[in-house]
Amino acid sequence: MLRYAFLAVVSAIATFAQPVPKQDQNLNATLWVQGSAEYAALATQTYRAAGLALSAALADPNWTAAYEQTNDFRGLPAAVILDLDETVLDNSTIQGRWIKTGEPFTEAAFMAWAKEVRAGAVPGAVAFLHVAILKGVAPFYITNRLCNAGDPNDPTVKMLKELRIPFSPERLFCKTAGSNKTDRRKLVTEKYRVLLLIGDDFNDFTAVPESVEDRAKLQKFYEPMWGTKWFVLPNPMYGSWERAVGTDLVKKWNALRP
Ligand SMILES: [Mg+2]
């Protein structure tokens with residue numbers, strides 16, 4: 001009897017020594033990005049399809065993927081525009097850490113993570129970018145990270161170099177006054193013909209309204225663009241889709257369609 005009591009105490013101590021797993025809204029989403037073969041396959045599939053579209057786009061001088069491109073673009077050099085976070089850079093490590101520590105997302109906490117220079121590359125992204133370079137297509141990055149493209153010691157610049165991602169300072173557009181990317185896309189279109197847009201958030205493609213219903217309508221309106229000129233990476237962890245629902249747990253609960 002005493003022996004069982006002893007084992008029960010040892011077992012209890014062992015249980016307390018382990019951090020207790022917490023239920024977190026982002027647990028499943030982050031595990032899927034970090035560990036599922038399906039996520040890696042889907043990202044690879046997206047970039048492979050984008051690579052095929054690149055050839056079609058190059059061959060057609062009337063092709064542009066940017067609605068901001070209103071100039072006569074037929075003689076301009078070719079470019080592609082990509083977002084960075086969860087499009088080229090995989091930040092699921094910090095999402096996992098925040099789940100374990102309970103720390104909420106803040107811009108400062110994200111910048112502290114960026115300074116670690118430990119992001120991964122989204123599967124398929126680096127290969128796609130090198131194919132683009134070989135084809136003479138200039139990759140532009142439009143990000144809502146706070147960064148300084150001209151500073152070699154900037155964490156985002158260091159991260160891109162570390163992952164051997166094609167980079168030149170004049171082709172990295174960091175966050176400006178707001179997070180709307182329309183003006184920065186417009187800047188690229190002034191000197192380049194934009195072949196493809198690649199991102200993980202609807203706002204990486206066009207300015208998007210805030211409500212779930214309006215976003216759904218706009219998604220349908222742009223139906224011909226998906227998989228032809230616009231390519232989306234999956235990001236179930238965060239994004240403007242979540243803000244549209246409401247980050248409050250009760251709002252999320254009420255938004256479910258049971
Ligand atoms: Mg992103």
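Start with V117, which sits in the loop between α5 (107-116) and β3 (120-121). Helices (H or I, at least four residues) and strands (E, at least two) are DSSP runs here, numbered from the N terminus.

Some ground rules. This is a predicted model: local features need pLDDT of at least 70, side-chain atom pairs count only at pLDDT 80 or more, and totals for chains, interfaces and linings use all residues. Residue numbers run from 1 along each chain as its sequence is written.

V117 is not a glycine, yet its phi is positive, about 50°. Most residues other than glycine have a negative phi. The scale, with C-beta atoms placed from the backbone: buried means 20 or more other C-beta atoms within 10 Å of a residue's own, exposed means 12 or fewer, and partly exposed is in between.

R164 is another non-glycine with a positive phi, about 55°. R164 is in the loop between α7 (155-162) and β5. It counts as exposed, because it has 11 C-beta neighbours inside 10 Å.

Now the sheet. Five strands form an open sheet, in the order β5-β4-β1-β6-β7, with parallel pairing. Its edge strands are β5 (172-173) and β7 (230-232), each pairing on one side only. Two strands pair if DSSP finds at least two bridges between them.

Take β6, residues 193-199. It is mostly covered: seven of its seven residues are buried. With β1 (residues 78-82), β6 pairs in the parallel sense over five bridges. V80 has L196 as its bridge partner in β6, and L82 has I198. With β7, β6 pairs in the parallel sense over three bridges. There, L197 stands opposite W230 in β7. From β6 the chain crosses through helix α9 (residues 212-221) to β7, a right-handed β-α-β crossover. Right-handed means that, with the strands pointing away from the viewer, the path from the first strand over the helix to the second runs clockwise.

What packs on this? Helix α3 lies across β1, β6 and β7, running at about 170° to β6. Axes are lines fitted to C-alpha atoms, for helices over the stretch in contact, and angles run from 0 to 180 degrees between N-to-C directions.

Next, the core. The largest nonpolar core has 47 residues, and A79, V80, I81, V194, L195, L196 and L197 touch the most other members. Helix α3 (residues 37-59) gives the most to this core: six residues. By nonpolar core I mean buried Ala, Val, Leu, Ile, Met, Phe, Trp, Tyr and Cys residues joined through C-beta atoms within 7 Å. Zoom in on L196. Leaving out residues up to four places away in sequence, L196 touches A50, A53, L54, A57, A65, V80, K229 and F231. Contact means C-beta atoms, placed from the backbone, within 7 Å.

Last stop, helix α4, residues 92-101. Which residues of α4 are buried? S92, I94, Q95 and I99. Down the axis of α4, these fall within an arc of 160°, so they line one face of the helix. That arc is taken from the directions from the helix axis to the C-beta atoms. Turned away from the buried side are K100 and T101, both exposed. The cover over the buried residues includes α2 (27-35), β2 (89-90) and α5. After α4 comes G102, with a positive phi near 80°.

Terms used
Two residues are in contact if their C-beta atoms, placed from the backbone, lie within 7 Å.
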